[in-house]
Amino acid sequence: MGWAIALHGGAGDIPHSLPPERRLPREACLRHCLQIGVDALTSRKSPLDVIELVVRELENNPHFNAGRGSVLTTSGTVEMEACIMDGKSMRCGAVSGLTTVVNAISLSRLVMEKTPHLAYVGYGLQYIVFYQEYHYTTRMLQGIETVDASHFITQENVERLKQAKEANRVQVDYTQPVEKDVKRDELKPDGDSQIGTVGCVAVDSEGNLAAATSTGGLVNKMVGRIGDTPIICAGTYANSLCAVSATGKGEAIIRGTVARDVAALMEFKGMSLQEAAALVVGDRVPKGHVGLVAVSATGEVTMPFNTTGMFRACATEDGHSEIAIWDS
Amino acid sequence: MGRGWAIVIHGGAGVDPNLPLHHQEEAKKLISRCLSIGVSALRCSLPAIDVVELVVRELESDPLFNSGRGSALTEKGTVEMEASIMDGPGRRCGAVSGLTTVKNPISLARLVMEKSPHSYLAFAGAEEFARRQGVEMVENEYFITELNKGMLKLAQEANSILFDYRVPNTGSETCGASMEKPLIMNGLPISVYAPETVGCVAVDSQGQCAAATSTGGLMNKMTGRIGDSPLIGSGTYAGNLCGVSCTGEGEAIIRGTLARDVAAVMEYKGLGLQEAVDFVVKERLDNGGKAGIIAVSRDGEVACGFNCTGMFRGLATEDGFLEVAIWD
């Protein structure tokens with residue numbers, strides 16, 4: 001038992017030759033986010049607070065595919081989505097199609113905790129996926145910072161979109177400018193690419209779990225495309241056994257009901273967190289497509305991936321901590 | 001090779017016990033008609049995926065239930081429809097949300113699955129895709145019925161969210177003043193009625209399963225609100241062992257990941273189809289959530305389960321079982 005936290009900045013075909021100027025800032029961000037998360041856990045903040053805090057940090061960092069630094073749609077715009085789930089109550093909130101909200105994860109949390117429907121009735125819907133900010137009333141957006149849509153766009157992503165359009169495909173966001181690093185057979189027009197997305201899962205010393213995921217989606221995605229991130233069974237899940245955040249090819253994650261299956265294997269087959277996560281990543285999704293981070297109620301951590309790499313970090317109360325990109 | 005075809009259709013869970021007989025008859029007639037269409041298709045060896053689409057199109061085109069024409073209205077008096085479809089072999093899936101001019105949402109969901117690089121498209125992006133695919137488009141008015149306009153008015157007067165269930169259509173003056181204990185779903189004493197989400201699951205003679213769900217969502221919902229019907233793993237799921245479609249309280253279905261869980265307990269606990277449905281209804285709806293589930297197995301079995309008063313349904317198997325029912 002004891003607290004534990006794991007976070008990711010996306011799984012994908014991250015080349016081993018990733019130059020230092022692209023690798024170091026990401027590692028630094030992972031390190032920074034891990035520290036924030038650990039500090040929050042040790043000062044006994046709730047897992048929901050911890051994961052929101054960490055994911056906000058990842059969203060604000062332009063090097064990851066969420067918030068600022070989100071990859072671009074085929075129209076050159078940003079459409080962000082996020083999801084948060086509380087393991088104890090199993091309440092959840094998700095948003096999609098956001099264009100001006102600085103921190104999608106915080107809006108997800110607001111949706112989970114305080115929907116307008118609750119203003120009408122005592123009970124009511126606790127999970128609503130809203131599409132696009134203009135659907136929200138000002139009351140709803142209270143406390144949620146919005147900015148001009150251009151804030152989220154980075155030059156790196158403008159470049160990525162250009163390359164994707166030139167190659168006429170939906171693309172892995174960790175594709176490097178150097179073409180030879182891109183594996184053509186993974187970039188099928190019908191396949192989502194594995195990428196980006198940021199996420200965080202945490203458990204406190206009482207075994208309370210929470211999961212959060214946030215993303216800009218796929219480079220050159222169709223406008224209006226929703227990925228796995230805001231889908232509870234797929235990209236994000238938490239119950240009383242574990243909390244999971246997945247990353248990679250959205251379609252594979254949806255079909256493989258990845259996040260739910262990790263918990264289902266633990267619940268229905270009595271597997272351990274490690275076994276369950278390894279099985280899902282190894283068997284339920286095609287190779288090269290998926291990664292995830294997960295923690296259990298008893299303070300275990302696992303971060304399996306079947307892609308070249310996954311930006312990740314974790315720490316547990318008993319002192320273990322790790323920041324990595326590729327296989328050790 | 002399968003053990004015979006089978007099909008189940010639903011028109012929503014949660015029915016007022018006082019629903020006037022003529023309404024009950026109308027609903028049963030529609031279900032019977034759609035069931036016949038599905039059975040004929042299965043007898044002609046149409047694959048399950050074609051059958052579920054065909055049947056749901058029929059249900060969408062009829063104004064009686066809450067999908068396509070006859071959809072519940074948003075708070076703005078418009079219709080926003082969503083649907084999802086899943087093909088067991090290969091677990092391919094497609095989903096759509098926020099449709100306002102697409103005549104048959106389930107068919108667009110199928111096109112997303114087969115003709116787009118993604119699994120889920122929403123709002124303007126989905127409509128644009130629809131236009132490019134040349135599907136039948138109509139004005140939003142086409143979907144709006146006088147009955148639902150009346151419902152919306154009552155709902156707004158009651159300032160509450162409505163849900164899939166019915167009360168006697170004796171006119172607005174009696175609504176809210178019913179002597180009977182009002183049917184409660186989602187914590188709301190329902191005072192007006194709203195039509196129902198629809199779904200179809202089928203297994204063909206090759207043992208292939210498929211599932212489809214379609215809805216207009218909650219009466220008086222906020223625009224942009226997405227429910228459980230388009231979410232793979234929650235409202236819809238199909239794999240090698242079974243096809244599942246759910247209806248009821250969106251929140252309960254989403255956090256309970258009902259559709260995936262039926263398949264998961266079959267896969268991971270070795271439960272039979274009806275056992276699995278019963279298990280999910282009992283265990284995954286344990287904190288008051290109300291929902292109904294229909295399912296077929298690759299072995300040609302049918303099953304349904306619900307923990308609310310009634311679910312409009314029709315079931316048929318190759319070995320002659322046939323049932324159209326509303327109540328327990």
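Student: Why does B:T197 count as buried in this predicted model?

Tutor: The value for B:T197 is 6% relative accessibility. Buried means under 20%. At 6%, B:T197 is therefore buried.

Student: What does UniProt list for B:T197?

Tutor: The unreviewed UniProt entry lists B:T197 under "active site". B:T197 is found in the loop between β6 (188-189) and β7 (198-203) of chain B.

Student: Which residue of chain A does UniProt list for "active site"?

Tutor: That is A:T197, again from an unreviewed entry. A:T197 sits in the loop between α5 and β5 (198-203) of chain A.

Student: Is A:T197 buried or exposed?

Tutor: Buried. The relative accessible area of A:T197 is 5%, and the cut-off for buried is under 20%.

Student: Which residues is A:T197 in contact with, leaving aside its neighbours within four places in sequence?

Tutor: Among them are A:H8, A:G9, A:G10 and A:N65. The list also includes A:T213, A:S214, A:T215 and A:T229. Contact here requires heavy atoms within 4.5 Å.

Student: Now the charged pairs. What makes A:R26 and A:E156 a salt bridge?

Tutor: Their side chains meet at 3.1 Å, N to O. The limit is 4 Å, from a Lys or Arg nitrogen to an Asp or Glu carboxyl oxygen. So 3.1 Å qualifies A:R26 and A:E156.

Student: Where do A:R26 and A:E156 lie in the chain?

Tutor: A:R26 is in helix α1 (residues 20-42) of chain A, and A:E156 is in helix α5 (residues 155-167) of chain A. They are 130 residues apart, and the pair links distant parts of the chain.

Student: Why is A:E156 called partly exposed?

Tutor: A:E156 has a relative accessible area of 26%. Buried needs under 20%, exposed needs over 50%. The value of 26% lies in between, so A:E156 is partly exposed. A:R26, at 2%, counts as buried.

Student: How do you know that A:E156 forms a salt bridge with A:R160?

Tutor: The closest N and O atoms of A:E156 and A:R160 are 2.9 Å apart. That value is within 4 Å, so the pair counts. Both residues lie in helix α5 of chain A, four residues apart, about one turn of the helix. A:R160 is buried, at 5%.

Student: What makes B:D261 and B:R284 a salt bridge?

Tutor: Their N to O distance is 2.6 Å, within the 4 Å limit. This pair, too, links distant parts of its chain: B:D261 is in helix α7 (residues 258-269), and B:R284 is in the loop between α8 (273-283) and β12 (291-297) of chain B, 23 residues apart.

Student: Are B:D261 and B:R284 buried or exposed?

Tutor: B:D261 is at 1%. B:R284 is at 13%. Each value is under 20%, so B:D261 counts as buried and B:R284 counts as buried.

Student: How many salt bridges does the structure hold over all chains?

Tutor: The structure holds 30.

Student: And how many aromatic pairs are there over all chains?

Tutor: Four. One of them is A:F268 with B:F279, with ring centres 5.9 Å apart and planes at 75°. Centres must lie within 6.5 Å to pair, and planes over 60 degrees apart count as edge-to-face. The pair is therefore edge-to-face.

Student: Why does the pair of A:F268 and B:F279 join two chains?

Tutor: A:F268 lies in helix α7 (residues 258-269) of chain A, and B:F279 lies in helix α8 of chain B, so the pair joins two chains. A:F268 is buried, at 9%.

Student: Why are B:Y142 and B:F143 called edge-to-face?

Tutor: Their centres are 5.0 Å apart, with 80° between the planes. The angle is over 60 degrees, so B:Y142 and B:F143 are edge-to-face. B:Y142 is partly exposed at 25%, whereas B:F143 is buried at 0%.

Student: What makes B:R69 lie over the face of B:Y142?

Tutor: B:R69 is at 5.9 Å from the ring centre of B:Y142. The distance limit is 6 Å, and an angle limit of 35 degrees from the ring normal applies as well.

Student: Last, the sheet. What is the strand order in the open sheet of four strands in chain A?

Tutor: The order is β7-β8-β9-β10, with antiparallel pairing. β7 (236-238) and β10 (301-302) stand at the edges because each has a single partner strand.

Student: How do you know that β7(A) pairs with β8 of chain A?

Tutor: Three bridges join β7(A) to β8 (residues 242-248). Pairing takes at least two, so the strands pair. A:A238 stands opposite A:A243 in β8(A).

How values were computed:
Residues numbered from 1 in each chain as written. Chains lettered and ligands numbered in written order. Predicted model: local features only at pLDDT ≥ 70, side-chain atom pairs only at ≥ 80, totals over all residues. Heavy atoms only, no water. Buried < 20%, exposed > 50% of the residue type's maximum accessible area, 1.4 Å probe, protein only. UniProt positions renumbered as here; feature names shortened; annotations may be inferred. Phe/Tyr/Trp six-rings, centres within 6.5 Å; stacked < 30°, edge-to-face > 60°.
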